[in-house]
Amino acid sequence: MGGDIWDGPARERAYLDNLRGPEGQTITYERLGSTSTTDVILDIYEVSYAGLEPIHLYIDMYNYEAPQAPAGFTCAGPFLEAP
């Protein structure tokens with residue numbers, strides 16, 4: 001997610017609010033915590049929609065790359081880009 005003037009948690013929520021299931025289903029999500037390696041800190045979200053068993057998405061809010069929908073998901077509209 002990353003970004004400069006956006007605060008990280010707000011960018012994560014904007015990203016997750018834009019995600020949809022493959023047929024446009026609204027998703028639900030809950031932040032479970034974070035995990036780290038020597039290189040990166042990742043926030044862990046449990047994500048689901050009707051007909052999908054919950055899965056975990058790992059989001060890096062500190063390093064920016066153009067956002068994309070994970071495999072098996074779509075999005076409601078274009079993702080906001082970092083300014």
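Tutor: Helices (H or I, at least four residues) and strands (E, at least two) are DSSP runs, numbered from the N terminus. The model is predicted, so to speak of local features requires pLDDT of at least 70, side-chain atom pairs count only at pLDDT 80 or more, and totals for chains, interfaces and linings use all residues.

Student: Which pattern does the protein chain follow when read along the sequence?

Tutor: The secondary structure of the protein chain comes to one helix and five strands. Read along the sequence, these elements give the pattern α-β-β-β-β-β.

Student: In which sense do β2 and β3 pair?

Tutor: Two strands pair if DSSP finds at least two bridges between them. β2 and β3 form a hairpin with four residues between them, and Ser-36 stands opposite Ile-41 in β3. Over eight bridges, strand β2 (residues 28-36) and strand β3 (residues 41-48) pair in a sense that is antiparallel.

Student: Which residue in the turn between β3 and β4 has a positive phi?

Tutor: Strand β4 (residues 55-59) runs antiparallel to β3, and five bridges join them; Val-47 has Ile-55 as its bridge partner, and Ile-44 stands opposite Tyr-58. The two strands form a hairpin with six residues between them, and the residue in the turn with a positive phi, of about 95°, is Gly-51.

Student: Why is the pair of Tyr-29 and Tyr-45 given its class, and what is that class?

Tutor: Rings of Phe, Tyr and Trp (its six-membered ring) pair if their centres lie within 6.5 Å, and planes under 30 degrees apart count as stacked, over 60 as edge-to-face and the rest as tilted. By this rule the count comes to two aromatic pairs. The ring centres of Tyr-29 and Tyr-45 are 6.0 Å apart and their planes stand at 70°, so the class of this pair is edge-to-face.

Student: How many residues apart are Tyr-29 and Tyr-45, the members of that pair?

Tutor: Tyr-29 is partly exposed, with a relative accessible area of 28%, whereas Tyr-45 is buried at 5% (buried means under 20% relative accessible area, exposed over 50%, partly exposed in between, with a 1.4 Å probe and protein chains only). The pair links distant parts of the chain, with Tyr-29 in strand β2 and Tyr-45 in strand β3, and their separation in residues is 16.

Student: What is the angle between the planes of Tyr-49 and Phe-73?

Tutor: Tyr-49 lies in the loop between β3 and β4, and Phe-73 in the loop between β4 and β5 (74-75), 24 residues apart. Both Tyr-49 and Phe-73 are buried. Their aromatic pair is edge-to-face, with 5.8 Å centre to centre, and the angle between the planes is 90°.

Student: How many residues make up the largest nonpolar core?

Tutor: A nonpolar core is a set of buried Ala, Val, Leu, Ile, Met, Phe, Trp, Tyr and Cys residues joined through side-chain atoms within 4.5 Å. The largest one includes Tyr-15, Leu-16, Tyr-45, Val-47, Leu-57, Ile-59 and Phe-73, and α1 (8-18), β3 and β4 each supply at least two residues of this core. The number of residues in the largest core is 10.

Terms used:
Residues are numbered from 1 along each chain as its sequence is written. Side-chain values use heavy atoms; hydrogens and water are left out.
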